[in-house]
Amino acid sequence: MDGGGRLSRSVRQTQSRSAPARKAAAPSRDAMVSTRRYVFEPEREENPNGFFAKLERRLPRGLGVAATVVLLVGAGLFGAVKGGHADNVVTAFQDTRNALANAVGFRITSVAISGRKQLTQDEILAVGGVNGRSSLLFLDAATVRDRLKGDPWIADATVQKLYPGRLQIDITERKPYALWQQEGRLSVIAEDGTVLEPYVANRFNLLPLVVGEGAQERAHAFLDLLANYPNIRNQTRAIILVGDRRWNLRLTNGLDVRLPETGTEAALATLVKLDSDEQLLSRDITSIDLRLPDRVTVRLSEDAAKARADAIAASKPKRKAGDA
């Protein structure tokens, strides 16, 4: 303004001072929206399942699939059990397992059985659970042995697996000792009273007959005593336990001999002496009662009793007419 340039300098100075201010001015809202990048971070909070989250990170991959498969298999097995098909499932699994073992050389190719007399080989194998599908690899010898010992005919058994395909079975059979009759049913019994089987075979006809409840367990001791008197033993068809206390003999000729509860041996000795001296067992009598130690009571048959009555009547003197 004064021509000296002072006004111009002031203007320039003002512009130079204000330039930085314009540069430092805040950008417009549109510029902020277009240029600024926003990062949204979730709000941190406590995780109540933090333990399970850590556990999931440490579990191996595929575990979930495996757990699912196990769950499905378990559900299938549960359904089979509830539906009554568990035995079929187990049998199918065992057959599959045995088939694989047989395919690689563990098929049972030979079976040797010793000690059998009454049982056949097929019966023994059936009792032991051994069949054509069994493999030696998965055959449980202890289980086969327990099954064999569960049969009443088999007192003991041993089972050996001889790889790759041989099976050895040794058994000890119980011997048939007597026939036991109870309530009209006949059974073959062993010496210890074990019932071996229902009586169906004629080969047991010669065994002694034991009758009465509990007689199968006590017969051995009495038959051993009776063996000391062979004449009586050979004529005995049956021994009968009465009241679980004493024995009666039924002889082959139908004669009944009633023995005492105590002193049985002395009563048998008396019977032998009477038969030797008087042929008592051949007389026409129906029973002999030895229960009293000081006397022997004999019951005659009907014919013998009638004949004896007639003989007594005939031996009496006849009364004459007019006798007082």
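## Basis of the report

A residue is called buried under 20% relative accessible area, exposed over 50%, and partly exposed in between, with a 1.4 Å probe and protein chains only. The model is predicted, so local features need pLDDT of at least 70 and side-chain atom pairs count only at pLDDT 80 or more, whereas totals for chains, interfaces and linings use all residues. Numbering runs from 1 along each chain as its sequence is written, and side-chain values use heavy atoms, with hydrogens and water left out.

## Loop residues with positive phi

Gln279 is partly exposed because its relative accessibility is 42%. Gln279 lies in the loop between α10 (264-278) and β11 (285-289); helices (H or I, at least four residues) and strands (E, at least two) are DSSP runs, numbered from the N terminus. Its phi is near 50°, a positive value in a residue other than glycine.

Asp244, also not a glycine, has a positive phi of about 60°. Asp244 belongs to the loop between β8 (236-242) and β9 (246-251), and its relative accessible area of 48% makes it partly exposed.

## Pockets

A pocket is an open set of points on a 1 Å grid over the protein atoms alone, where a 1.4 Å probe fits, with protein on both sides within 12 Å along at least five of seven lines; lining residues have an atom within 4 Å of a point. The largest pocket holds about 340 Å³ of space, a volume being the space filled by probe spheres set on the points, which are joined across faces, edges and corners. Of its 17 lining residues, Gln94, Asn98, Gly129, Ser134 and Arg147 lie nearest the centre. Helices α5 (86-103) and α7 (141-149) each supply at least two lining residues, and α5 gives the most, with five. By class, this lining has three nonpolar, nine polar and five charged residues; Ala, Val, Leu, Ile, Met, Phe, Trp, Tyr, Cys and Pro count as nonpolar, Asp, Glu, Lys and Arg as charged, and the others, Gly among them, as polar.

The second largest pocket has a volume of about 170 Å³. Its lining consists of 13 residues, with Ala267, Thr270, Leu290, Leu292 and Pro293 nearest the centre. Seven residues of this lining are nonpolar, three polar and three charged.

Tyr163 and Pro164 are joined by a cis peptide bond, with omega about 10°. Pro164 is placed in the loop between β2 (154-162) and β3 (166-173).

His220, in helix α8 (residues 215-226), is partly exposed at 25% relative accessibility.
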